[in-house]
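Hi everyone, thanks for coming. I'd like to walk you through one structure today, so please have a look at it while I talk.

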Amino acid sequence: MQEEFHRNVSVRGSEEFTGVQLREPARYAAGPLGIQVAMQHSFKEMGITRSMKALLHMNQKEGFDCPSCAWPDPEKPSRIGEYCENGAKALADEATTRQIDAEFFKKHSVEELSLLTDYELNKFGRLTEPLVLRPGSVHYEPITWNDAYALIAEELHRLESPDEAIFYTSGRSSNEAAFLYGMFARALGTNNMPDCSNMCHESSGVALSETLGIGKGSVKLEDFYGAEVIIIAGQNPGTNHPRMLSALEKCKQNGGKIISINPLEESGLVNFRNPKTLKGLAGNGEDIADIHLPVKINQDVPLVKLLLKRLTRLDEVTGKVLDHDFMATYTDGYKAFLKHLEQYQEKDLLQRSGVDSDKIDHVVKLLATKSKIIVCWAMGLTQHKNGVENIREYVNLLLAKGAIGKPNAGTCPVRGHSNVQGDRSVGIMHYVNKDLNERIKKHLGFTPPDKEGVDTVGAIKAMYEGEGKVFICLGGNFLMAASDTEYTARALQNCTLTVQVSTKLNRTHLVTGRTALILPTLGRSEKDTKGGQQRYFTVENSMGRVTRSRGMLKPSSGNLKSEPELIAEMANAYFKGEHAMDWKSLGEDYGLIRSYIDKVAKGFENTDERSKGVGYYLPNNVRERDFSSLPDGKAQFTINALPDHNLRDDEFLLMTIRSHDQFNTTIYGLNDRYRGVYNERRVLFMNPQDMQERNLKKRDVVDMISNYDGVKRTANRFLVIPYAIPRTNLAAYFPETNVLVPYNHFADKSKTPISKSIVVKIKKTSP
Ligand SMILES: Nc1nc2c(c(=O)[nH]1)N[C@H]1C(S)=C(S)[C@@H](COP(=O)(O)OP(=O)(O)OC[C@H]3O[C@@H](n4cnc5c(=O)[nH]c(N)nc54)[C@H](O)[C@@H]3O)O[C@H]1N2
Ligand SMILES: Nc1nc2c(c(=O)[nH]1)N[C@H]1C(S)=C(S)[C@@H](COP(=O)(O)OP(=O)(O)OC[C@H]3O[C@@H](n4cnc5c(=O)[nH]c(N)nc54)[C@H](O)[C@@H]3O)O[C@H]1N2
Ligand code: SF4
Ligand SMILES: [Mo]
């Protein structure tokens, strides 16, 4: 299949097993073992001195922002350390002392490297100099920065239309870098700005904008402490946002209740041993979830409808369960919504949800008398065909309870990448925002395009069909993150030029356009100096607070450029001084970039000053109960249909999730300690009764096959593991399973891929 392309690279890498060991799933998260694992990773990658120095600066006011997730720092960070095990792993991975240079690539061809696993590729260490893969060659070779910029400029000038260029962003970039990058794309004349949030919280953005008038969450970290009930639906904080457990612990200690809604009972939601307290280090820790509802995959809408039906029924008796004053004053459509609920039979909803009736009653009882309610969610809600509707249904619940726009209540879409929210706030978006365009015209002096660009799905299709020719990525690992690995690989291979601004080697560097460039960049933790002055940049956390981040480690090579600097130099090479923006100065002076962000991006003001210390919150209309941008100036109830998967007898629904030892496509290690899986990623979690019915034993080897629109896609060789997961549901890790996800099946309206509900069949195969 590959011969038609320029190089014979392997798109999937090795599919060999690594030697699984199984134990019981853990009944608690963190604790002394968490510290031990964090230190093991740190010391191994960075050495003891570098580790201790860096860890003590992470998430501190004068330090740098953790490069991993977007969970906010408390206003008073703990001086003994404000990080978690997975933050430490992320830092170790970035600040590793291992390195690769041009000699390495001279020795190893891209064809040879492509046979390795993603874990092995990442382990080689930091990229240290700019590299080019020339047409027909299978070895990257060194190139100077200026020649690299000239090559990009030449390819961009050769395009027939600016829309043949595509600019992808992964959410680890700073506000300053993302702003320059977005403005460069627009200055060139395209809105082709797909970004990782298209695969992530786009469904949240769409659902929240429609119902509440802002595509972000409404709660602040401090709201957690006094909440009466926190619902955590479709999110695994113990692994993916570990410091969130400290906030949940505080909530519990103040008398709050926690409800987990998830097909899996994730360890972090069972019990948390806070390593900063004696109780956590030496005692039994804090039980987190008061109740766990093991919902079937993608059955949240029926579950929430059932909760609302029972709450409504109680309300008919007491009149005090729903917040009628709030609904009448601030919302639209609640009467129609309550009417619509009547059409559903409780029995049917219950059966679809897969949850015990008693457990539902328990939750109804909890919710009935409380109104300080927060709903948190992540990919378990967004990555389905009805991802937008999932979120809207939970918003209906909050609206009915009046749990919006007041302290200790509201929406909390927990963001993934550390600055994914900031990137969007400063202008990374594929759609056209008229107000933003006006401000660009006024303050930056050029006219941005007014034609919608491509998102992630659109980008893959455009490249596949030869309409996208130059593909530039500011971070990320597009090939492995996107759906439909084989299709996406061909899309990339169709490009004339692919450019990766990266810190570490990944598969997108190996499966490339005719010419490919690697532009190595500084990581978060590294010192960024210009003319003897140390520079800082800004980020926005999951709750809309903008703060500074300043690296302090010696950069892993003298030949790295900061992201803002290299973007500015790239733009300068393209425009050669013939553009309204002074690109050269912008790349040198981040204060200048911030002064433009203040003028152009909504809500930013005096950022240079206000980002100091604890930073400042961007405006949020929901916190003010201001819904003036919505129809009738009201928050919107919505009517959402029940999802229907119509599984046949031999079909399952597969969710693709993260192990405890990975950050998206970056694989730190092969253990998923909380789920009891060691030294293996090619595992398939399956209900024991489903296994029995299909004559499958523990460690049997199976292939998974999806079939959408008559196209069969196969993920080879997974070891079956019995696990407490609802019947007909399966779980396996991404990115290995992305080969199964059709690129053209995604959430309505948001186009987020259906990575959490893929219909598959399984076939037993030889070991
Ligand atoms: N260490 C680490 N931290 C990370 C990341 C990482 O890879 N590693 N990734 C970052 C990024 S970009 C993101 S977006 C976040 C992701 O954070 P999460 O969303 O927590 O990540 P996933 O592993 O995809 O887990 C999804 C959870 O939803 C559940 N789930 C799946 N389907 C359903 C459903 O239909 N209904 C319900 N109620 N639950 C469901 C799964 O069982 C699982 O617990 O984490 C961020 N933080
Ligand atoms: N099947 C399935 N697919 C999914 C998901 C899923 O749950 N299931 N989740 C989706 C989600 S939520 C997301 S957000 C996407 C993630 O998609 P991406 O953001 O594209 O992927 P990452 O794995 O986070 O990117 C890792 C690479 O980023 C580079 N990098 C790291 N730090 C820096 C830095 O500071 N600067 C620069 N320039 N580069 C850096 C490194 O080279 C590293 O190899 O994947 C999506 N794909
Ligand atoms: S919770 Fe997230 S941001 Fe905080 S230290 Fe852990 S990984 Fe980093
Ligand atoms: Mo994400």
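I'll go through the ligands one by one, then the annotated domains, and end with the aromatic pairs. Please keep in mind that this is a predicted model.

Let's begin with ligand 1. It is surrounded by 31 residues, and the closest of these are Glu266, Asn298, Asp300, Gln662 and Asn664. If you sort the shell by class, you get twelve nonpolar, 15 polar and four charged residues.

Now for some individual contacts. Glu266 brings a polar side-chain atom to 2.6 Å from an oxygen atom of ligand 1. The backbone takes part as well: a polar backbone atom of Met379 is 2.8 Å from an oxygen atom of the ligand, and at Gly380 a backbone N or O atom lies 3.3 Å from an oxygen atom of ligand 1. How much of ligand 1 does the protein bury? Of the 920 Å² that the ligand exposes when taken alone, 99% is buried by the protein.

Where does this shell come from? At least two of its residues are supplied by each of helix 11 (237-240), helix 20 (379-382), strand 25 (652-657) and strand 26 (662-663). In terms of domains, domain 2 (202-413) and domain 3 (652-764) each contribute at least three residues to the shell around ligand 1.

On to ligand 2. Here 30 residues make up the surroundings, with Tyr168, Ser170, Ala481, Glu563 and Thr665 the closest. The shell around ligand 2 splits into nine nonpolar, 16 polar and five charged residues.

Again, a few contacts to look for on the screen. An N or O atom in the side chain of Ser170 sits 2.7 Å from an oxygen atom of ligand 2. Thr503 has a polar side-chain atom 3.2 Å from a nitrogen atom of this ligand, while a polar backbone atom of Lys504 is 2.8 Å from an oxygen atom of ligand 2. Taken alone, ligand 2 exposes 930 Å², and the protein buries 96% of that.

Next, the annotations. An unreviewed UniProt entry lists residues 126-526 as "domain: Molybdopterin oxidoreductase". Over that span the chain is 44% helix and 14% strand, with the end C-alpha atoms 12 Å apart. UniProt, again in an unreviewed entry, also gives "domain: Molybdopterin dinucleotide-binding" for residues 652-756. Residues 652-756 are 6% helix and 39% strand, and their end C-alpha atoms lie 12 Å apart.

Last topic: aromatic pairs. How many are found in the whole structure? The search gives 22. One I'd like to show you is Tyr487 with Tyr743, a stacked pair with 4.0 Å from centre to centre and 5 degrees between the planes. This pair links distant parts of the chain, with the two residues 256 residues apart. Tyr487 is in helix 26 (residues 485-493), and Tyr743 is in the loop between strand 32 (729-733) and strand 33 (758-764).

That's my tour, and I'm happy to go back to any of the ligands with you.

How values were computed
Residues numbered from 1 in each chain as written. Chains lettered and ligands numbered in written order. Predicted model: local features only at pLDDT ≥ 70, side-chain atom pairs only at ≥ 80, totals over all residues. Heavy atoms only, no water. Near = heavy atom within 4 Å. Polar contact = N/O pair within 3.5 Å; in protein donor to acceptor, adjacent residues only side chain to side chain. Areas by Shrake-Rupley, 256 points an atom, 1.4 Å probe, with all protein chains shown as cover. Helix = DSSP H or I, 4+ residues; strand = E, 2+ residues; numbered from the N terminus. Nonpolar A, V, L, I, M, F, W, Y, C, P; charged D, E, K, R; others polar. Domains from an automatic or database assignment. UniProt positions renumbered as here; feature names shortened; annotations may be inferred. Phe/Tyr/Trp six-rings, centres within 6.5 Å; stacked < 30°, edge-to-face > 60°.
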